[in-house]
Amino acid sequence: MDTILSSRLTEVATFVPKGSKLLDVGSDHAYLPIALIQSGHISSAIAGEVAQGPYDSAVKNVAEYGLSDKIEVRLANGLAAFQQNDGVTTITICGMGGRLIADILEAGKEKLAQVERLILQPNNREDDLRTWLVQNHFTIVTEKIMTENRKFYEILVAEHGEEKLTTTELRFGKHLLAEKSEVFLAKWAREIGKLEVALSQIPESNDGDRSAISQKIKTIQEVLDGSGK
Ligand code: SAM
């Protein structure tokens, strides 16, 4: 039986070091650990899930794929899903808001010392997540932007280390800015389009809101043109 990973999770999987002891937080279907074990990339994992329904579905999938001896599904809130003696080296947290991911990391941050790599895929507020990472002694070693079903997704890969990021780097991603891929340009062009629609709906008399939105458009445009800092 083959697992069907979305392109998004397939991309996330490429950043999991071979032989990792993986914890996947918010593992509602457990497909990521299942696929990584099936491919022989890792040999064991913990799938953590806070909600009963998704937990039940992860347990069911793991059993159906015959991997109950290799993937332990735990009903737990965030990083409460593991203890130091589990030897977790890589944590994936995907498909949630950036603030929620940062809150999950914050709530269990004292347990992260032994963890070598975080692979995070926020659905929004990537800037908040980058801010949490740099404030908590993580460095973003690589980033990826991709698109699936007309949605844009950013993947942040972080390891222990010190780094300072500018406001622009926190918002747009240092590595993504350096690369300025087609997908990156398309994401921010779409954002400008949305802001232009919003601007067109604000009455001329509302100077405050109009200039705030115009400034946002200008900031993005400068980044796209290469003149932003
Ligand atoms: N990670 C999968 C993916 O990327 O496709 C599932 C994403 S799903 C949208 C988010 C899952 O995270 C839900 O099943 C939700 O119950 C779970 N979740 C949310 N907060 C959590 C927390 N604090 N601890 C563990 N799981 C959580």
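User: How far apart are the centres of domain 1 and domain 2?
Analyst: The centres, taken over C-alpha atoms, are separated by 33 Å, with domain 1 covering 7-164 and domain 2 covering 184-225, bounds that come from an automatic or database domain assignment. This is a predicted model, in which local features need pLDDT of at least 70 and side-chain atom pairs count only at pLDDT 80 or more, while totals for chains, interfaces and linings use all residues. Residues are numbered from 1 along each chain as its sequence is written, and side-chain values use heavy atoms, with hydrogens and water left out.

User: And how many residues of each are in contact?
Analyst: In domain 1, 5 residues are in contact with 4 residues of domain 2, where contact means heavy atoms within 4.5 Å.

User: What area do they bury between them?
Analyst: About 490 Å² is buried between domain 1 and domain 2, 56% of it on carbon and sulfur atoms; buried area is the accessible area (1.4 Å probe) that two parts lose on being put together, summed over both. On the domain 1 side, I145, R150 and F152 lose the most area to domain 2, together accounting for 83% of what that side buries.

User: How many salt bridges between the domains?
Analyst: The count is 2 salt bridges, each defined as a side-chain nitrogen of Lys or Arg within 4 Å of a carboxyl oxygen of Asp or Glu. The side chains of K187 and E154 also form a salt bridge, at 2.8 Å from N to O.

User: Switching to the ligand, which residues come nearest?
Analyst: Of the 18 residues around the ligand (a heavy atom within 4 Å), R8, G26, E49, N77 and G78 come nearest.

User: What do E49 and N77 do there?
Analyst: An N or O atom in the side chain of E49 lies 2.6 Å from an oxygen atom of the ligand, and a polar side-chain atom of N77 is 2.8 Å from a ligand nitrogen atom.

Notes
Polar contact = N/O pair within 3.5 Å; in protein donor to acceptor, adjacent residues only side chain to side chain.
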